[in-house]
Amino acid sequence: MPKWGQLPWISSLCQSSRGLANPSSSSNLSVTTAATVAVPAPTNAMTGSNRDCGNWYTIISGDTCGLVSVANYLSLSDFYFLNPEIYANCSNLDLRVAYCVEPVSDISTYPGYTMTSGVPTITVAPVSFAFVNTAITTPTPQSGFHYAPSYLPKAPGTLSNCYAYHNHNVCRENDCSYIAFLSNITTDQLIKWNPSLSSNLSSCSLQSGYSYCTAQNNGTTVDASSDCTPIDTTEIVSGTLSHCDCFLQLAGYESGEYMCEDIESDYSVTASQLTTWNTWLGSDCDTNLYANLLVNETRPVCVGVNASEPIGSAAPGPSKKPSQAVSASGTKTVSIGPTASGEVAGCEQFYTVKSGDSCTNIETTYGISFTQFYAWNPSIGKNCENLWLGYAYCVQGPASSGSASPTAPASAPRQSGIAANCDAYYTVAGGDSCAKIETQYNDTFAELYSWNPAIGNNCQNLWVGYAICVGVS
């Protein structure tokens, strides 16, 4: 049997204006088309086929009555009617013989035409059923099948009482932005409920073998009281209130779906407050909200002033009280913001991050290097990616007296031979190399080796978990 693309359209002797049949057209094949005038019967026309015919078709190998009728927009019953010589089972369709495949005008006006012409009929014998006693009570139907989803083990730290979870799927997209969109939640919520996820959306992805919370209840909504998001201060748009202390992290893929009115409703703020705190929104809030924001980018939007302190998602929890440190003179230095965990003990001075700050301008202001700033505040990350607005960071390390050793992470062991004047350390992590550390701290290998001779002249003894010197005074 020929395939659609192989049907012998050109063997049709056709003089109508319709042209060649097109089996891919969207047509109602139960309605037969009609020509306006009859065409002469070809010399190979089947004896008995109706000569009042608008189109003839010559049979080739592989043809069947069904194929021929469909290919010519003719119902099977009409094909039998126009060609009464054909048996009901189409067993006598003759090769290289032409059959009529199109009536002239309305086929229902042809003499002897009925809707079932040429089509075999089936007679169904009458059936009787036994009397049914409707007085007999029947049991109450069961509630039916209830789908019980099968979840992978929960990711480390993921909430245990969620209404719904999403499994990592090796065959589908596992990007956090996509999963949040699919679950009708914000990326802030996804990361908050699943703290093992990266707070950096460009690298945030579900991990193989785990499931993640995607709904805390049936019909998840934004909890404005706990969704102030730690942000990258370098992303704050010019025109944002400088003392804003509660931000929403807007994702570009939400454009058209999550607009100013939604923010006002979710965070219980007025349109006036939203545009006052974010003057860059101007008079057209919805348009400016996502202006020039790519689908994979994020933008902080101020949604609260004097709000509760921000709650981190994948970050260490803040101190509940301002941190205190005692200086060499015995004076207590008090931070004016929450502090992240891991800060050096005995810090003599803190600085609270404000809108527009970066590690670079903080280092410049306090005359310190990044290696020092990072050593005293390891929570900021190797690339200063976790510098959080409203948080206090150490900008003057603990004082040393006499032959006191340089400041190093208390929990990190050190190899022997480290330079005596070292004033900045780095704790080696899995995947590190000397080249990577040199790039991070702008050191040469010669410097790194001279300050840490135990690592070897080929960096063969760089040990994970050990603190190495990355800067000297």
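What follows covers the disulfides, then a surface patch.

This is a predicted model, in which local features need pLDDT of at least 70, side-chain atom pairs count only at pLDDT 80 or more, and totals for chains, interfaces and linings use all residues. Residues are numbered from 1 along each chain as its sequence is written, and side-chain values use heavy atoms, with hydrogens and water left out.

The structure holds nine disulfides. A disulfide here is a pair of cysteine sulfur atoms within 2.5 Å. Three of them are described below.

Take Cys-162 and Cys-213. Their sulfur atoms sit 1.9 Å apart in a disulfide. The torsion about this S-S bond is about -95°, so the disulfide is left-handed. The pair links distant parts of the chain, 51 residues apart. Cys-162 is in the loop between strand 3 (98-103) and strand 4 (164-167), while Cys-213 is in strand 5 (residues 211-215). Helices (H or I, at least four residues) and strands (E, at least two) are DSSP runs, numbered from the N terminus. Cys-162 and Cys-213 are both buried. Buried means under 20% relative accessible area, exposed means over 50%, and partly exposed lies in between (1.4 Å probe, protein chains only).

Next come Cys-260 and Cys-285. They form a disulfide with 1.8 Å between the sulfur atoms. Its S-S torsion is -90°, a left-handed link.

Now look at Cys-347 and Cys-394. A disulfide joins them, S to S 2.1 Å. This link is right-handed, with 100° about the S-S bond. Cys-347 lies in the loop between strand 9 (332-334) and strand 10 (349-352), and Cys-394 in strand 11 (residues 392-396), so the pair ties together parts that are 47 residues apart in sequence. Cys-347 and Cys-394 are both buried.

Which residues make the nonpolar surface patch of about 300 Å²? They are Tyr-178, Phe-181 and Leu-182. Patch residues have over 30% relative accessible area and no salt bridge, and nonpolar side chains (Val, Leu, Ile, Met, Phe, Trp, Tyr) are joined within 5 Å, like charges within 9 Å. A salt bridge is a side-chain nitrogen of Lys or Arg within 4 Å of a carboxyl oxygen of Asp or Glu. Phe-181 is in helix 3 (residues 176-183). Its relative accessibility is 46%, so Phe-181 counts as partly exposed.

Definitions and conventions. Areas by Shrake-Rupley, 256 points an atom, 1.4 Å probe, with all protein chains shown as cover.
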